[in-house]
Amino acid sequence: MVGITLEEITKKFGNFTALDKINLKIEDKEFMALLGPSGSGKSTLLYTIAGIYKPSSGKIYFNGKDVTETPPKDRNVGLVFQNWALYPHMRVFKNIAFPLELKKSSRNEIEKKVREVAKMLHIDHLLDRYPWQLSGGQQQRVAIARALVKEPDVLLLDEPLSNLDALLRLEVRAELKRLQKELGITTIYVTHDQAEALAMADRIAIIREGKILQVGDPDEVYYKPMYKFVAGFLGSPPMNFIHAEVEGGNIRIYQSKISVPKQYREIIKRLEITEVLFGFRPHDAEIIRGEREGIKGEVYSFEPLGREQIVTIAVNGDVFVKVFAPEGEHFSFGEKVTIVPNEERIILFDKKTEKALEYFP
Ligand SMILES: Nc1ncnc2c1ncn2[C@@H]1O[C@H](COP(=O)(O)OP(=O)(O)O)[C@@H](O)[C@H]1O
Ligand SMILES: [Mg+2]
């Protein structure tokens, strides 16, 4: 039973601020993903929670108890590094048993626990092998088994799947999600892969340049992004953004005009907004031929993906927008079309702060 509270965590390396006043609460048994681009501070935050790094300021609590000064070995966390770091001269059994040997557990107990955790991760037939005799996926399971064997209160994973090939990544992803819920172990999972975070986590914290921009469940951060950065980081292809101007009850997008979506009429008036970033996801628009209110453009390219196709449309010649279309629909290069975004799914951002209008007070 461990909930974690981070309070105003700042971490500096010399003059450089890697973490800037991080506040985050992770509930007991929760699967929290830390998602952000490379260099955003994800690993630094994970190692600070593990106790490997000491924060420059701020506090860390496990179950309300201040552990900021507690050394890593007394925090009872299981840590899986990105490169797994198995001991090459030790067989799998020894690799997994290592944390228990450090704890001076009895022979019997070691034997029992290693076999138990190996079985859970489907590597119980590999205990006599050396790491170099294992596939990437198997090595990765050994690293997870080693983190789990001492029954940690908290499991910390740093991009554990990034060294696996795409197919294996999907497989282990589903398995790991299930294992986490079965064990009911509070888990913090670092990744730069938005699909992984959306697929696995109960909640996602999106990090950029050492700051948390938004925390929410997958639906929330996907459908209600607080910033353009969050909207552009989630989804594949990401959300489309077009510069637009507000003119009375309309939004002008280059030569096209769209009525201001219902949900924004009040706030646009109240804040007297004249310029916005107009956002919509590739799945949240239709491509229409003929007269309809929408964004006019020309088909630039189209990519069939099996069940559907991604159509790239040039608006005003050089602003590219991506929209999904059903399989089988025929497009030709240069064809004139109209993009009709689903009104309810349009997201408008303030041009200056890039914050979503709906989050304005
Ligand atoms: N030990 C360190 N000394 C100096 N700078 C560091 C150190 N560790 C990380 N950094 C810097 O802090 C920033 C965040 O790094 P990191 O937490 O590893 O990012 P991420 O895991 O999100 O890719 C990067 O700019 C990195 O260069
Ligand atoms: Mg990292």
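Student: What covers the buried residues of helix H2?
Tutor: The cover includes helix H3 (107-120) and helix H4 (136-148). Buried means under 20% relative accessible area (1.4 Å probe, protein chains only), and helices are DSSP runs of H or I with at least four residues, numbered from the N terminus. This is a predicted model, where local features need pLDDT of at least 70 and side-chain atom pairs pLDDT 80 or more, while totals for chains, interfaces and linings use all residues. Residues are numbered from 1 along each chain as written, chains are lettered from A and ligands numbered from 1 in written order, and side-chain values use heavy atoms, without hydrogens and water.

Student: Okay, which residues of H2 are buried?
Tutor: In H2 (92-102) they are Val92, Phe93, Asn95, Ile96, Ala97, Pro99 and Leu100.

Student: And at what angle do H2 and H3 pack?
Tutor: About 130°, with axes 10 Å apart; axes are lines fitted to C-alpha atoms over the stretch in contact, and angles run from 0 to 180 degrees between N-to-C directions.

Student: New topic: what order do the strands of the open sheet have?
Tutor: S15-S19-S16-S17-S18, with antiparallel pairing. Strands are DSSP E runs of at least two residues, and two pair if DSSP finds at least two bridges.

Student: Which are the edge strands?
Tutor: S15 (285-288) and S18 (319-326), each pairing on one side only.

Student: How many bridges join S16 to S17?
Tutor: Six, and proline 304 stands opposite glutamine 309 in S17.

Terms used. Buried < 20%, exposed > 50% of the residue type's maximum accessible area, 1.4 Å probe, protein only. Contact = heavy atoms within 4.5 Å.
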